[in-house]
Amino acid sequence: MQQKYNPHVIEREAQKYWEKSAAFRAAESPDKPKYYCLSMFPYPSGKLHMGHVRNYTIGDVLTRYYRMKGYNVLQPMGWDAFGLPAENAAMANGVPPARWTYDNIVDMKKQLASLGFAIDWSRELATCRPEYYRWNQWLFLRMLEKGLVYKKTGVVNWDPVDQTVLANEQVIDGRGSGWPERVKTMQANWIGKSFGVRFAFPYELPAGSNLPSPSGRGAGGEGGASEAQAPDKGLLWVFTTRADTIMGVTFCAVAAEHALAARAARDNAKLTAFVEECRRCSVTEADLATMEKKGMPTGLTVTHPLTGEPVPVWVGNYVLMAYGEGAVMGVPGHDQRDFDFATRQRLPIKPVIKPRGGALELPLKAAHLEYGVCFNSGQYDGLDYEQAVDTIAADLQAKGLGEKQVLYRLRDWGISRQRYWGTPIPIIHCDHCGDVPVPDGDLPVVLPEDCVPDGTGNPLAKREDFLKCKCPKCGKPARRETDTMDTFVDSSWYYLRYACPDNGGHMVDERVQYWLPVDQYIGGIEHAILHLLYSRFWTKVMRDLGLVTLEEPFTNLLTQGMVLNEIYSRRSESGRIAYYNPAEVEVTQDDRGSRNAVLRADGQPVDFGGLGTMSKSKNNGVDPQELIDHYGADIARFFMMFTSPPEDTLVWSDAGVEGAARYLRRLWTFAWRFSKTATKSSDALRGAALPKELAGVRREVHAVLKQANYDIRRHQFNTVASAAMKILNALERAPETGPARNAVAHEGLGILLRLLSPITPHVSHHLWRELGFGKDVLAAPWPEPDPSALIEEEIELVVQVNGRKRGDVRVPRDADSKAIETIVLADPAVRKFVNGQPVKKVVVVPGRLVNVVV
């Protein structure tokens, strides 16, 4: 064994061993429990970032741990390879997105391999390859057959820069952008299951008003084209979860796209302009919550379904056509948004709910939101919430104007995108037959990989060799659909394909039944409403189609925290801000503790902007490859796991990285010295009792191991890494010579290397072999504490004098109460506080404390 720790040499050797032995190739094994560990697959941008390193190291720690626990473990990897970044890079570099993507995959795979991850590369997939996305197309067609896919025109989020549609969940600041109880709450809120009442306000328009029929339910019937004519009499439908407040309605507001808004704007130029302004506004709920609530009267009224009073109709910029009915009832007395709107527009505010057993302070200074009892509500006065809702719903139903209903705020997922680098939608447009599905036998519809986008639109629209085809029904000339699928389709089922990536004839097979669901899924909290929700939806669709039997795709979810670093910048005279990498900045502190930061290049001051997520825009990232090249993969991995719990943010620290390096060098040095001893076994632990000092060392090793085993099950990898440091500290304190010492060191090293193996696999692999423990540490069983080692010959008791703690004493474990009393009364600290006073009695609580009463 060489004396100096050389991480690059031992890491290459370990990786060659794993590759040659196919150490991480998984196969179905019914005689073993399975463990499927999956980290969200990366977009092949070309380089790993520290977030990737942290994410995949967490997964690798779990993969290796469960393997050593006797599980049949699968950890696959692939590439979420379609998307706009590739198109933008292609335009910037003048190369096809395919070439850019495949080159990046090669580079990033090398980086992942250099970190020693226990990945089964035989299952590698890329979503941009036809053998993968053909099944996107195949499932699309099955969903089309079941009525789960349809085509319609609707209000969308248009990204003016990237020239494509975005789903509402994908819009941040009006542009495209990329979240265990917390995630469930977020998804539940997004799905938004609401119990309420759907009811209608009748209206009667002037004769011949030619009102366009609203799409959806209501007086216009089911569906209906936007050009259809509605009768002069109609119903304005709304949904509310607070039907108990219906008697407080003072206005109704409709979306800009609503039929009543269109009718009113026909002869009103100001209203027409306002409607157009509303149409251009964001339709995301985050924006709606903060935007100024504007409105304009339509001049139309509807009739209150219970009182018969006229209710004015307004157009509101905060009402969305896609949510519910495209209209809301305005109850400013009990909805803060309505209160603000009514106050701004000087509309009446009518309170109708008061606290149970109390009065309502009037006039209202804000909306009264709490549940209570009805007042000022005619026949409903005195009813509580449930009574009022039931009675009002029954009255509305008797009039044919409403009923109880469950509503979801989740809307249908629009998946078509006006871009090139994505899965082609398998539809053919025929002038004679309309929209015709591509036959299964013609799948996949292959995306040309030699297109170079130029920013003028989807290049597929200019590719005659792609566009031109024959109609599968009539055989006449036709053209292919040029829209491609949202890339979230690609990532909504990839975890299933890993189970059977070599099946060219079926989307999934029986191996899914063995491996799925994923036992541990790892990824960022930012994916809670996007990818995770879509994946659950996709799994349930495939279940309903008989393709899989599982109900949910992921049993456990770990959302790792962000990696943070310091931010430094300087503002130029022109106002432009330049960001500098922390490695370029020298930081000192003055006598008062104030931070002084200067750029090393020119010695001039820079501003400290606090801590922020590592990003290109703030220039505060650390290149993982540079870290690996300098320190090695194990040091990078140890730092990532030791610095903070996986679900917390991790603050980057160069000193922390150097501390990890020092620890592994110490480990190597201790192992090298131990390798020079004549005997390397634990035999001396059997039989004769150990000297007191060595017994203490062994006891500490096993006590720390016991806690570490508890922590690793809770995913507290930082305390597991800390436990490894404590074990080395204990072993270093042991006496230097003798068979008993060697036995304790041999056992302790065997425990330590196995404990470290998931975190620092290369050095653990090498030392395990060099010290003669075995051929492969991965094949060794996970260490468990020896109960006999944890037994202490002495125990520590708290000592009290008259009920107040005055110290601690150590007594033989098997000492009786009389012996304990003798030891305590002879203790100098106790004698000091007794101070010669007569002792009335000594109370011994076995194993815990002794109280001396004077």
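**Notes on a predicted model**

1. One step along, Gln800 has Asn851 of E35 facing it. Strand E32 (residues 794-801) and strand E35 (residues 849-853) run parallel where they pair, with four bridges between them. Strands count as paired here if DSSP finds at least two bridges between them. The helix and strand labels are DSSP runs numbered from the N terminus, with H or I runs of at least four residues for helices and E runs of at least two for strands.

2. Before going on, a word on what you are looking at. This is a predicted model, in which local features need pLDDT of at least 70 and side-chain atom pairs count only at pLDDT 80 or more, while totals for chains, interfaces and linings use all residues. Residues are numbered from 1 along each chain as its sequence is written, and side-chain values use heavy atoms, with hydrogens and water left out.

3. Now the whole thing. The protein has 25 helices and 35 strands, and its C-alpha trace spans about 110 × 80 × 65 Å along the principal axes. Of its 854 residues, 51% are buried. For accessibility, buried means under 20% relative accessible area, exposed means over 50%, and partly exposed is in between (1.4 Å probe, protein chains only).

4. Back to that sheet. It is open and has four strands, ordered E33-E32-E35-E34, with mixed pairing. At the edges sit strand E33 (804-812) and strand E34 (841-845), each pairing on one side only. On average, neighbouring strands here are turned by 25° against each other, direction ignored. Angles run from 0 to 180 degrees between N-to-C directions, and axes are lines fitted to C-alpha atoms, for helices over the stretch in contact.

5. What about the other partner of E32? E32 and E33 run antiparallel and are joined by eight bridges. Val798 has Asp808 as its bridge partner in E33. In general, strands of a sheet pair through backbone hydrogen bonds, either parallel or antiparallel.

6. Which helix lies across this sheet's strands? Helix H24 (residues 817-826) lies across E32, E33, E34 and E35, and runs at about 125° to E33. On the loop side of things, Gly847 sits between E34 and E35. Gly847 counts as exposed because its relative accessibility is 52%. Beyond its neighbours within four places in sequence, Gly847 touches Ile795 and Leu797, where contact means heavy atoms within 4.5 Å.

7. Two helix pairs are worth a look. Helix H1 (residues 7-20) packs on helix H23 (residues 761-770) at an angle of about 85°, their axes 9 Å apart. H1 and H23 are therefore roughly perpendicular; the cut-offs are under 35 degrees for roughly parallel, over 145 for roughly antiparallel, 65 to 115 for roughly perpendicular, and oblique for the rest. H1 brings Ile10, Glu11, Glu13, Ala14, Gln15, Tyr17 and Trp18 to the contact, and H23 brings Pro761, His762, Val763, His765, His766 and Arg769. Sorted by class, the contact of H1 with H23 holds six nonpolar, four polar and three charged residues. The nonpolar class is Ala, Val, Leu, Ile, Met, Phe, Trp, Tyr, Cys and Pro; the charged class is Asp, Glu, Lys and Arg; the others, Gly among them, are polar.

8. The second pair is helix H18 (residues 633-642) with helix H21 (residues 717-733), packed at about 120° with their axes 7 Å apart. Phe638, Met641 and Phe642 of H18 meet Phe717, Asn718, Ala721, Ser722 and Met725 of H21. That contact of H18 with H21 has six nonpolar residues, two polar and no charged.

9. Is Thr298 buried or exposed? Thr298, in strand E12 (residues 295-303), counts as buried because its relative accessibility is 9%. A polar atom of the Thr298 side chain lies 2.7 Å from the backbone oxygen of Val313, and one lies 3.1 Å from the backbone nitrogen of Leu300. Leaving out neighbours within four places in sequence, Thr298 is in contact with Ala264, Leu271, Val313, Trp314 and Val315.

10. Last one: Val389 is in helix H11 (residues 385-398). Val389 is buried, with a relative accessible area of 9%. Neighbours within four places aside, Val389 contacts Val197, Ala243, Asp244 and Lys404.

Methods:
Polar contact = N/O pair within 3.5 Å; in protein donor to acceptor, adjacent residues only side chain to side chain.
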